[in-house]
Amino acid sequence: MAASTFCDHCGMALYSDDVYCVGCGNPTNPAPGNEAQRRPERRSTRVVLALKTGSHGFLTACVRCGGEVLPGDAYCQLCGARLPRDV
Ligand SMILES: [Zn+2]
Ligand SMILES: [Zn+2]
């Protein structure tokens, strides 16, 4: 669950399944073969983490890929789409 790398563009902590930085949208550089190891279940870890840190109504879906995104995410970690900020 711990972040393993940090964005070299903005310093945001990145998770191993993040394809794009959630802070700036910069593409991450997964190790060769990492793509095949990405599993949707990994996203559940982030959701669980969010459920523990928030109270209600904070989960949204990416407008492009429909992936789950967290309220602090400026960009989708799956497709890099810019996320609207409504707070
Ligand atoms: Zn970044
Ligand atoms: Zn997306």
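# Chatting about Val-22 and the rest of the chain

Me: Which residues does Val-22 touch, not counting residues up to four places away in sequence?

Reply: Val-22 touches Met-12, Asp-73, Ala-74, Tyr-75 and Gln-77, if you skip residues up to four places away in sequence. Keep in mind that this is a predicted model.

Me: OK, and where is Val-22 found?

Reply: You'll find Val-22 in the loop between β2 and α1, and α1 covers 34-37.

Me: Does Val-22 count as buried or exposed, and why?

Reply: Val-22 counts as buried because it has 25 C-beta neighbours inside 10 Å, and the cut-off for buried is 20 or more.

Me: How far apart are the C-alpha atoms of Val-22 and Cys-79?

Reply: They're separated by 10.0 Å, with Val-22 and Cys-79 sitting 57 residues apart along the chain.

Me: Which residues are in the largest nonpolar core?

Reply: There are 10 of them: Met-12, Leu-14, Tyr-20, Cys-21, Val-22, Val-69, Tyr-75, Cys-76, Leu-78 and Leu-83.

Me: What is Val-69 in contact with, leaving aside neighbours within four places in sequence?

Reply: Val-69 is in contact with Thr-60, Ala-61, Cys-62, Cys-76 and Leu-83.

Me: Zooming out, how many helices and strands does the protein chain have?

Reply: Two helices and four strands. Reading from the N terminus, the order is β-β-α-α-β-β.

Me: What share of the protein chain is buried?

Reply: Buried residues are 20% of the 87 residues. As for contacts between residues at least 6 apart in sequence, 29% join residues at least 24 apart.

Me: New topic: where is His-9?

Reply: His-9 is in the loop between β1 (5-6) and β2 (13-14).

Me: And why is His-9 partly exposed?

Reply: His-9 has 13 other C-beta atoms within 10 Å, so it lands in the partly exposed class. Leaving aside neighbours within four places in sequence, His-9 is in contact with Cys-21, Cys-24 and Asn-26.

Me: What about Ser-16, where is its place?

Reply: Ser-16 is in the loop between β2 and α1. Ser-16 is partly exposed, with 15 other C-beta atoms within 10 Å. From Ser-16 to Ser-4 the C-alpha separation is 6.5 Å, and the two are 12 residues apart along the chain.

Me: Does Pro-27 count as buried or exposed?

Reply: Pro-27 counts as exposed because it has 12 C-beta neighbours inside 10 Å, and the cut-off for exposed is 12 or fewer. Pro-27 is also found in the loop between β2 and α1.

Me: What is Pro-27 in contact with?

Reply: Leaving aside neighbours within four places in sequence, Pro-27 is in contact with Val-19, Tyr-20 and Gly-80. The C-alpha atoms of Pro-27 and Cys-7, 20 residues apart along the chain, are separated by 8.8 Å.

Me: How many contacts does the model have for residues 48-56?

Reply: Four, counting those beyond four places in sequence, and pLDDT stays under 50 there.

Terms used. Residues are numbered from 1 along each chain as its sequence is written. Chains are lettered from A and ligands numbered from 1 in the order in which they are written. This is a predicted model: local features need pLDDT of at least 70, side-chain atom pairs count only at pLDDT 80 or more; totals for chains, interfaces and linings use all residues. A nonpolar core is a set of buried Ala, Val, Leu, Ile, Met, Phe, Trp, Tyr and Cys residues joined through C-beta atoms within 7 Å. Two residues are in contact if their C-beta atoms, placed from the backbone, lie within 7 Å. pLDDT is the predictor's confidence in each residue, from 0 to 100.
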